[in-house]
Amino acid sequence: MKKILFIAFLSLCNLAFSQSKGTVTGTVTDKEMSGEALPFANVFIKGTSIGGTTDMDGKYTLSVPAGNQTIVFSFVGYQTIEKQIVIKENETLIVNQELGANEGVALDEVKINATVSREKETALLLEQRKATVIKESIGAQELSKKGVSDAAAATTKISGVNKSEGSGDIYIRGLGDRYLSTTMNGLPIPSDDVSNKNVNLSLFNTNVIQNVGISKTYATSSYADQASGNVDIASKEYTKDMFSIGISGGVNTNAIEVDNFRRTTISDDVTFGFHQKKFALQNQMTLQGWDTKKGETPINYGISLSGAKRFNLFNKEWKILASASHSKSSEYRNGLFKAYRSNVLNNSFTDVENFIAKTNSTGYIRVDLKLNDNNKLKYNTLFVNKGEDGLYEQGRNGEGYVFDQDPQENGAFVRDQNFKQTTMFVNQLMGEHKWNKNNELNWAAGYNFVLAEEPNRIRNEVNILDVNSSPLIQFAHVGDYQQRKSSQKIEDTEYNAFIENHWSLGNVADEYEEKPYKLNYGLNFRKKERSFNSLFIGFRAKDFTAPSVDQISETLQQGTNAGLILREQQPDLYQGELLVLAAYTNFDFKFDNKLSGNIGLRFERDEIDMAWNVANRPGRFGSTNRVYESLYPSVNLKYELNDRNFIRFASSVTQTLPEFKELSPFEYVSPTGRVIGGNEDLEKSDVYNVDLKWEFFPSRSQLVSATAFYKQINNPINLTQDQGSSGYFKFFNTGEQADIIGFEVEGKLDLLKNEDEETVLNATANLTKMWFNQDLAPRYQFKGKSESELQGASDFIVNGSLSYSNNKENEFIATLTGNYASDKIYALGAPEDFDNSATLYNDEIIEKGFVTLDLVLSKQIFKGFTAKLVGKNLLDPKIEQTQLVRDLNTLIETNETVLSYKKGRQVSLSLNYTF
């Protein structure tokens, strides 16, 4: 009985005590990061066991006994703050606190935590959660787990993003190169390829990447030339003093299985990816050979060095991060290629071979200078040199066919040797200036230079006269340039800058609380200049023969002495200039901690000037000028259902401008023989965007989201097969309007945790489904078809990964990633003869969907030393393009494969040691 009374007494005391409590809540912010929320800070009541840590938004809530208390705020490397508070029964007290660096503690030690976190999945989820625009990012931590080697591969791990194997272009929500924009640290970077608007993201290896972010909705601080989104590469920053060295080796299974891996004769003039031209192009016709060379064993390798150091100079704190890397890889592709014109076979090759050797040299330097607590300067310089030696052959088996070729249609053989070198410099200077607690000015300026060359391209078109009896060949001679050498050079120079001012407005209850309103306004400037030069020199070799396709030099190196006729074409030239001037304002707001957002307006003036002198245009000379001036509004809203659930809405107007290569009438011949040319009559497209998104954050590392979106593109630009006898591909405004409706579903979930509540197994998955429709102008209608899907757009995309970690001291990580993108249109069809468009037409070329699968195994051997085994493209799917072809006699349609190859599996082992 005494025990029962004693227990009852304790229960009543406990009840009385619990009723005499109040609540203390608030937000902890980071003084060293301009007032951003500080996750994982410690908050506790002194002299008690009551306490906890702040969440991803820096928020905390404690239940505290009523009365006088001391609340303590602390964080590693930061000053510990104690505050006297008075807690009243059943009332809530708001206590916000800003934490800064300890006296005597170097600020870089504080920033180590902040900078490293920006490479982590949890920090990027926090950024996504706080952002007003719909933005998704993948950081260095996740890139490492998934074995990603460059920025191009990184983007494909984000929902709604895939990469075309045919062109290498990145597609966001089904929209390709011309519909997106690419920046580095918020500044535009130029393209390295005449065929693309955006830079090849594979040039940016993970040694220079902090994270890759994709903003799928528009805010007025960005350039208006985007429809699907913006890809921004955040370059690496200093985290701590360190030195790291890494080496890797591996193979491509296709390349290593080839008995005779060959290379171009051009590669004799290449050292570590740098080409040194020995002769003028005309002299190379006889002084340089035409036959291929035996290559080395195709072993892939790479080496990287990086280091970082903090020091004081002139009583200022400096931080420097530098990295350098060099890699080489090889590929071998074997397949087929066909082309049809007006439903008639134009050429056919069943034994296409492609030998590819790539080198990439990268140097990167990042300098941070802290003038004082309120003024900071940052400088980036990036150097990239990429070389690609490509040997393309079709018809060696004697079964090649080219319609109407002289001396004969059968036994056609084509060889294309080319070395492409891209050298790129990116230079950026950025400043952050906090004038006072409510006013901050940010600015940046960039100078970029790109040199993209094909210094010596060699092409031969011949006929194997009778493969069954002799390897003897005769040179084809439909034109004067079927035995030719050519050069192409592109120089891009770009200057860009922005300046933006932020004013924090509104009243707050506590000095450390973030003000509810912010007025932002700024200016953008961009000037991009392009110089293009292409020169062809050929031999007219009618009736000339050679012993075999591997002994072409025996005839052609004799030159005019043997009776060959030298043909030199006047160089094809064009100059382009893009000038963009813009002013914008936008307003951030937050009402009652529930509704927040950003509304803005941008005025932008875009001027494109083009002038050309090209052979395929009558009269050769021409020019065009486009000036577009318009207002571009944007609205981004976020409603907080609770601290884990958010609803987002976005709407905007953007544009897509025609590119230099789309406006210039110059025609580029691919190794397969496909010819792509520009169209001087192109006009820009206007784009209207609407997004609605729900986000749920179960924890700091987990996310579930669903998005519905709609885009209307007026005057869409598409690559299509041109009318007429040429059968070439060109860019056209193919109709009045294109509509895109879609939805995305994404999840990042922890599936299994250990006894310490650490995640052992996690999964990420995202799915995108879209519906496309565009009307076709009468000129592009065939077989009664007046509507089409959008060129280059996959209607169904799935990305997923499964990752395991043992969370031990010497961690082991295994990650399996997969991707699927459904069929998409490579090029729209068109009638060849409008009056007979039911039969004389070129149907759409479809790039077939396929699945990729990668596996990454990583093991820390001991502190600082890690081994990683990576297997890419494990399923080795067939890459195919198909086209519906109608037999002109039976009128029966068949689905023909017009291009097919496999890339091979890639296996590599890398070792990295960090001191």
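## A patch of negative charge

Surface patches are made of residues with over 30% relative accessible area and no salt bridge, where like charges are joined within 9 Å and nonpolar side chains (Val, Leu, Ile, Met, Phe, Trp, Tyr) within 5 Å. Lys and Arg count as positive and Asp and Glu as negative, while His and the chain ends are not counted. The place of a charge is taken as NZ of Lys, CZ of Arg, CG of Asp or CD of Glu.

In this predicted model, a patch of negative charge on the surface is formed by Glu-755, Asp-756, Glu-757 and Glu-758. Glu-757 is found in the loop between β44 (737-753) and β45 (759-775). The relative accessible area of Glu-757 is 58%, so this residue is exposed (exposed means over 50%, buried under 20%, and partly exposed in between, with a 1.4 Å probe and protein chains only).

## Basis of the model

Residues are numbered from 1 along each chain as its sequence is written, and side-chain values use heavy atoms, with hydrogens and water left out. Because the model is predicted, local features need pLDDT of at least 70 and side-chain atom pairs count only at pLDDT 80 or more, whereas totals for chains, interfaces and linings use all residues.

## The protein as a whole

The protein has nine helices and 57 strands (DSSP runs numbered from the N terminus: helices are H or I with at least four residues, strands are E with at least two). Of its 915 residues, 54% are buried. The accessible surface of the protein is about 38000 Å², and carbon and sulfur atoms hold 54% of that surface (areas come from the Shrake-Rupley method with a 1.4 Å probe; for residues, only the protein chains shown count as cover).

Among contacts in the protein with a separation of 6 or more, 71% are between residues 24 or more positions apart (a contact means heavy atoms within 4.5 Å).

## Salt bridges

The structure contains 47 salt bridges (a side-chain nitrogen of Lys or Arg within 4 Å of a carboxyl oxygen of Asp or Glu). One of them joins Glu-237 and Arg-366, with the closest N and O atoms 3.4 Å apart. Glu-237 is in the loop between β16 (229-235) and β17 (242-252) and Arg-366 is in strand β24 (residues 344-372), so this pair ties together parts that are 129 residues apart in sequence. Arg-366 is buried, at 2% relative accessible area.

Lys-338 and Glu-896 form another salt bridge, their closest N and O atoms being 3.8 Å apart. Lys-338 belongs to strand β23 (residues 316-341) and Glu-896 to strand β56 (residues 893-902), so the pair ties together parts that are 558 residues apart in sequence. Glu-896 is partly exposed, with 22% relative accessible area. There is also a salt bridge between Lys-527 and Glu-529, with 3.6 Å between the closest N and O atoms. Lys-527 is partly exposed at 26%, and Glu-529 is partly exposed at 29%. A network of salt bridges links Arg-262, Glu-353, Glu-393, Arg-396, Arg-415 and Asp-550.

Ser-634 is part of strand β36 (residues 621-640). With a relative accessible area of 2%, Ser-634 is buried.

Ser-858 sits in strand β53 (residues 850-862) and counts as buried at 13% relative accessibility. Leaving aside neighbours within four places in sequence, the contacts of Ser-858 include Glu-811, Phe-812 and Lys-868. Ser-858 and Glu-811 are 47 residues apart along the chain, and their C-alpha atoms are separated by 8.0 Å.
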